[in-house]
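Welcome! Take it one stop at a time.

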Amino acid sequence: MTKKTIITLPGDGIGPEVTKVAVDVLKTACRAFDVQIETIERNFGGIGYEIDGEPVTEETIELCKKHNFVLLGAVGGPKWDNLTADKRPEAALLKLRKELGVYANLRPINVYPALAGASTLKEEVISGTNILIMRELTGGIYFGEPRFTAEENGDPYSVDTMRYSRSEVRRIARKAFDAARLRDKRVCSVDKANVLESSRMWRSSVVELAEEYPDVELTHMLVDNCAMQLIRNPKQFDVMVTGNLFGDILSDEAAMLTGSIGMLPSASLGDGNGLYEPVHGSAPDIAGEGIANPLAAVASAALLCRYSLDMEQAAKNIESSIETVLKEGYRTADLFSDEPGTTKAGTEQIARRLLEILEKAPTEDLQASEGP
Ligand code: IPM
Ligand code: MG
């Protein structure tokens, strides 16, 4: 048995419920390959603020840096909305991303065939969609300085700074081109180069790097057009690379192609670290009711196997257990629509079924690693 240690940060709202399922699934999937997963849990976000007085402690940050791999639930809730910026739950997340140096945020948008009817968009538009959003995660307007609130002639104002350097753009673009080489060999870089200086830097840096990848087709799209194209014809995209803010917005939009934001996993990579979290938020309105969709957290655990543990078959087993559960008709409330052959299921019920399927999953590597 090999032992691997993962830090878990369940966080707020439905975070603990979905993280528990993800951890159980991860342990079961890895055990089949003689890998024992040990977890260390810490408070994070609003709950961290309540218990430790800080949304994240230095000890937790150091622990994550030491063990490299982190599985996170969700943070935030109306209860903490009026705290100062540094005490807000979101501050913990931004700090953790920055401290871990996880600059590349991979958000794969796959439409599960069983859910093609669950999207608010027409089935023929979305079926077969397979996009990898590569969002820059430790720069841009989320972190740019200066950043302040002041007053001029009695009129208060605030400033945020959108900043990108050539090296920051090159390293995320490289991730996108490398990922594209293992897929359909197409990269669409999304910016606002018709208006923003930082976007012109973005575009010229991507164009320059593309010379190293003559086998990958590079196109550019303005972010407003991209928002429209994503729902007009999502199948046109293979890998999309974009900055922190645009990636945040476009990935929520793209999530709806999959039927529910409750389906979308993410992996944040950089400096040898991996932070895995569902894209959805803490959904405080349904927290504790046992109805949260755990599948995005579970799919994030699959990405952890793939990118940090180098356990491709375990990742595939988890992903196919998700597919099977959906094919069998189980739907959490966010996906349920009275469709014939479907059953409304709670978090626990989905978890039990996933574990049963995983107990019977293949225990030998069937295919070589494919990467993103
Ligand atoms: C996300 C979230 C975060 C972000 C928030 C919670 C800070 O929306 O991961 O997409 O904006 O990055
Ligand atoms: Mg977001």
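## Helix α7 and beyond

Leaving aside neighbours within four places in sequence, Glu208 is in contact with Arg166 and Arg170. Please keep in mind that this is a predicted model.

**Glu208 in its helix**

- You can find Glu208 in helix α7, which covers residues 197-210.
- Glu208 is partly exposed, because its relative accessible area of 31% falls between the 20% limit for buried and the 50% limit for exposed.
- Between the C-alpha atoms of Glu208 and Gly262 there are 37 Å in space, and the two residues are 54 residues apart in sequence.

**Helix α3 and its buried face**

- Which residues of helix α3 are buried? In this helix, residues 58-67, they are Thr60, Ile61, Leu63, Cys64 and His67.
- Looking down the axis of α3, you would see its buried residues fall within an arc of 160°, so they line one face of the helix.
- What do these buried residues pack against? Their partners are the strands β1 (2-11), β2 (35-41) and β3 (69-74), together with helix α4 (89-100).
- Just after α3 comes Asn68, with a positive phi of about 70°.

**Thr8 in strand β1**

- Thr8 is found in strand β1, one of the elements that the buried residues of α3 pack against.
- Is Thr8 buried or exposed? Thr8 is buried, because its relative accessible area is 2% and the limit for buried is under 20%.
- Not counting residues up to four places away in sequence, Thr8 touches Thr19, Val23, Thr39, Ile40, Glu41, Arg42 and Leu71.

- Around ligand 1 you will find Glu90, Leu93, Arg97, Arg107, Arg135, Tyr142 and Asp248.
- Sorted by type, the residues of this shell are 2 nonpolar, no polar and 5 charged.
- Which element gives the largest share of the shell around ligand 1? The answer is α4, with 3 residues.
- Arg97 has an N or O atom in its side chain that is 2.7 Å from an oxygen atom of ligand 1.
- For Arg107, a polar side-chain atom lies 2.8 Å from an oxygen atom of ligand 1.
- In the side chain of Tyr142, an N or O atom is 2.5 Å from an oxygen atom of ligand 1.
- On its own, ligand 1 has 320 Å² of accessible area, and the protein covers 78% of it.

- Lys185 is not a glycine, yet its phi is positive, at about 60°.
- Look for Lys185 in the loop between α6 (166-181) and β8 (186-191), where it is partly exposed with a relative accessible area of 35%.
- Asp271 is not a glycine either, and its phi is positive too, at about 55°.
- The loop between β11 (265-270) and β12 (273-278) holds Asp271, and this residue is exposed, with a relative accessible area of 64%.
- Where is the cis peptide bond that has an omega of about 0°? This bond joins Glu145 and Pro146, and Pro146 has its place in strand β6, residues 144-152.

- Ala118 sits in the loop between β4 (104-110) and α5 (123-126).
- Although Ala118 and Leu257 are 139 residues apart along the chain, their C-alpha atoms are separated by 9.0 Å.
- Beyond its neighbours within four places in sequence, Ala118 is in contact with Gly259 and Leu335.
- Pro284 lies in the loop between β12 and α10 (295-307) and counts as partly exposed, at 43% relative accessibility.
- From Pro284 to Val75 the chain runs 209 residues, while their C-alpha atoms are separated by 9.7 Å.
- Gly77 and Pro78 are the residues that Pro284 touches, not counting those up to four places away in sequence.

Terms used
Residues are numbered from 1 along each chain as its sequence is written. Chains are lettered from A and ligands numbered from 1 in the order in which they are written. This is a predicted model: local features need pLDDT of at least 70, side-chain atom pairs count only at pLDDT 80 or more; totals for chains, interfaces and linings use all residues. Side-chain values use heavy atoms; hydrogens and water are left out. Buried means under 20% relative accessible area, exposed over 50%, partly exposed in between (1.4 Å probe, protein chains only). Helices (H or I, at least four residues) and strands (E, at least two) are DSSP runs, numbered from the N terminus. The arc is that of the directions from the helix axis to the C-beta atoms. Contact means heavy atoms within 4.5 Å. A residue is near a molecule or strand if one of its heavy atoms lies within 4 Å of it. A polar contact is a pair of N or O atoms within 3.5 Å; within protein, one must be able to donate a hydrogen and the other to accept it, and residues adjacent in sequence count only if both atoms are side-chain atoms. Accessible areas come from the Shrake-Rupley method with a 1.4 Å probe; for residues, only the protein chains shown count as cover. Ala, Val, Leu, Ile, Met, Phe, Trp, Tyr, Cys and Pro count as nonpolar, Asp, Glu, Lys and Arg as charged, and the others, Gly among them, as polar.
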